[in-house]
Amino acid sequence: MKSPSGRSQSANSVQKKMYRLMLQMFIPIAVILVSIFVMLLTRNIIYASVSGNIVKASGFNQDFKDDIDLQMYLYVAGSSDEKPWDDVEAARALAEDLLKNTSNPDGRMAMNNVLSLCDNLSTYMENIDSIASYEDRMKELETNIYGITQLIEDYMYSYLYYEAGEMASIQKQIDFWLSVEIAFVVIVMLIVIPLVLSRAVKLSKSITDPIVAMNGRVEQIGGGDLSPQTPVATDDPSLASLSTGIEDMAARLDKQIELNRQEQIKLRDIELSLIQAQINPHFLYNTLDAIVWLIEIGKNDQAEQ
């Protein structure tokens, strides 16, 4: 289990500091990029939905009114036995589909009106068989059916107008929010970049200053200065351990040099003792021989001295 000081040293290592520096720079940028992406994705989805609705609405039969009015006139006149049910159902299906994918209130109201008008049109088309006289049937045709087909066509065109306006509004919103995001990015960068640069310089100095100090200490040791000194102060455990190791090495080297010096002194003493041991007998012999020689030549006084 690591001690609190061990965890603190691990947290202050160069690697951990680099990780924290990278996170401080990466997180704001990542948040900005994600927010821009989400904003653009959301707006583009809405934009694509609106443009898809416009494409679908553009598929509405441009001759819807003329075709239904003509077929119903032929039916009332007795020239045709079929009513334009398919055209009415196609308009109803298109309105239901557009209503599912439309968020604009005016567009939704237009499609709801189209659905109601399709129901009314179907009712009038069905009830026209119950009218006996030709004149009443033509009056019903001109008063109700022609009017409803005109309204359906008008509401379809109105829907296109509303959706085009919605598309333009979305485009303005995209441009606005994009401008806001760009301004936000610039502001964040103006804050983050100086902060990151400041911390990067501080981190660099926390690494280079101890290294320069240790390099100077190594040069002192190389020059012979082995006096004990305080290790370099640093938050990084690796550099602190290296500085402590240099001081320990200098202390061991100084101790070893002192031991060698003491050994050299002892060796010199031993050598002197050995030389003395060799010199003393020889000197005594020469002295005695000189005394004998002086006595022999009759210089007794000098021999006495």
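Mentor: The buried residues of H4 are Val-88, Ala-91, Arg-92, Leu-94, Ala-95, Leu-98 and Leu-99, where buried means under 20% relative accessible area, exposed over 50% and partly exposed in between, with a 1.4 Å probe and protein chains only. They lie on the same side of H4 because they cover an arc of only 165 degrees around the axis, taken from the directions from the helix axis to the C-beta atoms. This is a predicted model, in which local features need pLDDT of at least 70 and side-chain atom pairs count only at pLDDT 80 or more, while totals for chains, interfaces and linings use all residues. Residues are numbered from 1 along each chain as its sequence is written, and side-chain values use heavy atoms, leaving out hydrogens and water.

Trainee: Which exposed residues are on the face turned away from the buried side of H4?
Mentor: That face carries Asp-86 and Lys-100.

Trainee: Switching topic, how many salt bridges does the structure hold?
Mentor: It holds 4, a salt bridge being a side-chain nitrogen of Lys or Arg within 4 Å of a carboxyl oxygen of Asp or Glu.

Trainee: Which residue forms a salt bridge with Asp-119?
Mentor: Arg-92 does, with the closest N and O atoms 2.2 Å apart. This pair links distant parts of the chain, since Asp-119 is in helix H5 (residues 105-127) and Arg-92 in helix H4, 27 residues apart. Salt bridges that share partners join Glu-89, Arg-92 and Asp-119 into one network.

Trainee: Is Arg-92 buried or exposed?
Mentor: Arg-92 counts as buried, at 13% relative accessibility, whereas Glu-89 is partly exposed at 40%.

Key. Helices (H or I, at least four residues) and strands (E, at least two) are DSSP runs, numbered from the N terminus.
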